[in-house]
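Dear colleague,

Please find below the structure that I am handing over to you. My notes on it follow directly after.

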Amino acid sequence: MKIYRYTYKDKVSFGVLEEEKLFPVSGSIYRKFRTLPEAVPIGEVTLLAPVQPTKIIALGRNYKDHALEMGSSPPAEPLIFLKPSTAVVGPEEIIVYPKMAKRVDFEGELAVVMRRKARLLDDEDDADDYILGYTCFNDVTARDLQRKDVQFTRGKSFDTFAPCGPCVVTGIDPGSLRIKTFLNGKLRQSGNTKNLIFPVPYLVKFVSRIMTLNPGDLIATGTPAGIGPMAPGDRVDVQIEGIGVLSNRIMKIK
């Protein structure tokens with residue numbers, strides 16, 4: 001199932017895509033819901049970020065090839081950091097190139113979308129019971145500031161530095177999905193989630209033992225090798241098998 005968040009006639013709604021038709025949702029996507037019988041015209045909607053997380057938990061160096069390209073060894077346990085909810089933008093929205101940054105990179109990733117509150121999960125708990133689905137994510141990074149600061153907060157947290165979408169997909173196996181990132185139509189990253197050092201179920205349980213995960217929260221699972229800089233005017237596309245393509249342009253604001 002593909003769940004979209006959109007505006008239509010100035011109203012924000014969720015909808016399910018079925019046979020190229022978008023049917024509005026009645027009820028909460030985090031609980032049982034039903035689709036209404038009358039579809040909305042797809043050509044007249046504006047897609048939004050599919051969820052509004054209270055926080056974004058992101059993974060550093062969760063692919064061995066990316067750890068090596070960054071000059072680091074793969075971590076012994078998940079390396080997590082936070083991105084603020086204010087960084088979220090949706091498909092086709094602008095990524096703003098900060099004035100204080102000199103290098104801004106793309107990082108295409110699979111993101112987990114939480115369905116219900118998760119806290120202190122045990123090894124025996126089924127992580128799937130807490131997951132709504134998955135979406136595309138771009139962990140935009142001011143690389144020069146990240147290296148300057150050593151820790152990640154400033155370089156990862158600018159407004160517009162957490163594009164996600166275009167939808168939340170339910171019922172897919174996150175363990176073997178092809179992920180590609182294109183810059184201006186040229187392939188820059190190509191990986192597969194089967195190469196994650198710490199897989200999705202492990203990450204959900206690990207994070208839940210540190211902080212409470214709320215419905216709609218995102219866990220960005222890390223990026224494969226091939227990260228690189230973007231410039232104002234560039235277009236970046238994150239494509240994940242079974243989900244779709246997240247597209248954004250980069251602009252510098254005067």
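Lys-156 is buried, with a relative accessible area of 2%; buried means under 20% relative accessible area, exposed over 50%, and partly exposed in between (1.4 Å probe, protein chains only). Please note that this is a predicted model, in which local features need pLDDT of at least 70 and side-chain atom pairs count only at pLDDT 80 or more, while totals for chains, interfaces and linings use all residues. Residues are numbered from 1 along each chain as its sequence is written, and side-chain values use heavy atoms, with hydrogens and water left out.

The side chain of Lys-156 meets that of Glu-107 in a salt bridge (3.4 Å, N to O), that is, a side-chain nitrogen of Lys or Arg within 4 Å of a carboxyl oxygen of Asp or Glu. Lys-156 belongs to helix α3 (residues 153-156) and Glu-107 to the loop between β10 and β11, so the pair ties together parts that are 49 residues apart in sequence. Helices (H or I, at least four residues) and strands (E, at least two) are DSSP runs, numbered from the N terminus. Glu-107 also counts as buried, at 3% relative accessibility.

A second salt bridge joins Asp-105 and Arg-143, with their closest N and O atoms 2.8 Å apart. Asp-105 is in strand β10 and Arg-143 in helix α2, 38 residues apart. Both are buried, Asp-105 at 0% relative accessibility and Arg-143 at 1%.

What is the relative accessibility of Asp-123? Asp-123 is at 56% and counts as exposed. Asp-123 forms a salt bridge with Arg-209, the closest N and O atoms being 2.7 Å apart. In total, the count comes to 12 salt bridges.

Strands β13, β10 and β18 form an open antiparallel sheet in the order β13-β10-β18; two strands pair if DSSP finds at least two bridges between them. The edge strands, β13 (141-142) and β18 (228-230), each pair on one side only. Within this sheet, Asp-105 stands opposite Thr-141 in β13.

**Helix α4**

How many of the nine residues of helix α4 (residues 200-208) are buried? Seven are, and the helix is mostly covered. Among the buried residues are Val-200, Leu-203 and Phe-206. The buried residues of α4 pack against β6, β7, β11 (108-114), β12 (131-138) and β17 (218-220), where contact means heavy atoms within 4.5 Å.

Yours sincerely
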